[in-house]
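This report looks at backbone geometry and nonpolar packing. Please keep the sequence and the structure in view while reading.

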Amino acid sequence: MLRVGHYLNQFFAGVGAEEHANHPPEQREGAVGPGRALQALLKDEGRIVSTLICGDNFFNERPEPAHAAVRGWLEATRPDVVVAGPAFAAGRYGSACAQVCQLAAAAGVPAVTGMHPENPGLLLYPKAYVVPTGNSAAEMGRALGAMLPLVRKLGAGRVLGPASAEGYLPRGVRRPAMREATGADRAVSMLIAKLAGKPFQTEIPVDAYDAVPPAPPVLDLRGATIALVTSGAIVPRGNPDRFKRCSDTKWARYSLKGLEAMSAETFECVHGGFYNQMASDNPNLVLPLDVMRELEREGAFGRLVDFYCSTTGNDQRLLDCRRNGAEIAAALVTERADGVLLVCT
Amino acid sequence: MTVISALPPLAMQAGANRVVQGVKIEHVCGDPSLTPELDHRLRRRLVERSLEVLQTPVSGPTLFQSAGGA
């Protein structure tokens, strides 16, 4: 019989609404709230051995004790599989569920959650097994029913098939597999179907971009604080944060304090999407610090933020791009930057 | 924000609203085939143009050319 661990927020556990969102982590034996419906679906195949409950604010505002509680709970109860939520469209709950899935994975325990596809929690841990749900708890029955087959399979230690076949949201994972026709045959078949106006299934879906409302213009450049950002993977020589040449997920900030120009002695380019030797020989070709310092001295603008932000803009997943962009923007808002020059290679 | 890019259509498709045409993918802000002085002058013009563009109102993705040539 499968041992199932269930994570719930304060609301679904029946502790209370927003006024109880600071509820600290609490373990209860057996099924609680929607866990009872899940238990009924599992029948004799599995048992919810323990439920971890935590207030949404507590989990998101105090991640250290919250994470410690999740780890302690996993060690104490040793479930075969963890079910988190479902969280529907609730953002803080979704982010807690995503983190519970991540902590479970780190502890070697498979996990499944359910969320609305636009729940921002998805961005926190894109490798989670997330069953798409409606946006409210009215969808609970349907959501649990959709999660059940994944609970069974993951709990039994089986490897899941592709997202579309198993009913979870794509995780950006591609595995080698045998196909009947070669890539060339499949591509030509798709092209013929497309030209004939017939339906076909792409193998590499292209992410859709958002329309971005333009920022208002900088009114007083002479008083403005300007920041440099690049997707050109300019990093300190030696690549201390181990930026990948492609498909990286992170960004980093590096000090420009006291520097008059970029130099090949102290910086290099590790971007793998173009021939980067010229940028390594003279990183000002990508991060134009030399002329920015000149213009700063001449008073063309107020001040240069004394660090720059860098990432490898090469085959980066849109989810990571969005998260990196939001984090870089937040860091620059903290610096009171009025404008940004973003150099894209 | 001004995006300096050698591939403006990609930047604009991704939603960048102020885009300045860069030099080349491998050296967006300059040209190592020029003498250091001319390369520097080219880079300076590109950055000055990008700062001007920061002060320009736009209503959607817009491409701005930099003053061409070295």
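In which strand of chain A does P86(A) lie?

## A cis peptide bond in a strand

In this predicted model, P86(A) belongs to strand β4 of chain A, which covers residues 81-88. The peptide bond that joins G85(A) to P86(A) is cis, with omega at about 10°.

## Positive phi outside glycine

K43(A), a residue other than glycine, has a positive phi near 50°, and its place in chain A is the loop between α1 (34-42) and β3 (46-54). K43(A) counts as exposed because 7 other C-beta atoms lie within 10 Å, and the exposed class takes in residues with 12 or fewer.

A233(A) is likewise not a glycine and has a positive phi of about 55°, in this case in the loop of chain A between β7 (225-230) and β8 (234-236).

## Nonpolar cores

The largest nonpolar core comprises 54 residues, and the residues with the most contacts inside it are V82(A), V83(A), C97(A), V100(A), C101(A), A111(A) and V112(A). Helix α4 of chain A, residues 91-106, makes the greatest contribution to this core, giving eight residues.

When neighbours within four places in sequence are left aside, the contacts of A111(A) include V81(A), V82(A) and A84(A), along with V100(A), C101(A), A104(A) and A105(A), and also A128(A) and Y129(A).

Note on methods. Residues numbered from 1 in each chain as written. Chains lettered and ligands numbered in written order. Predicted model: local features only at pLDDT ≥ 70, side-chain atom pairs only at ≥ 80, totals over all residues. Helix = DSSP H or I, 4+ residues; strand = E, 2+ residues; numbered from the N terminus. Buried ≥ 20, exposed ≤ 12 C-beta atoms within 10 Å, placed from the backbone. Core = buried A, V, L, I, M, F, W, Y, C linked by C-beta atoms within 7 Å. Contact = placed C-beta atoms within 7 Å.
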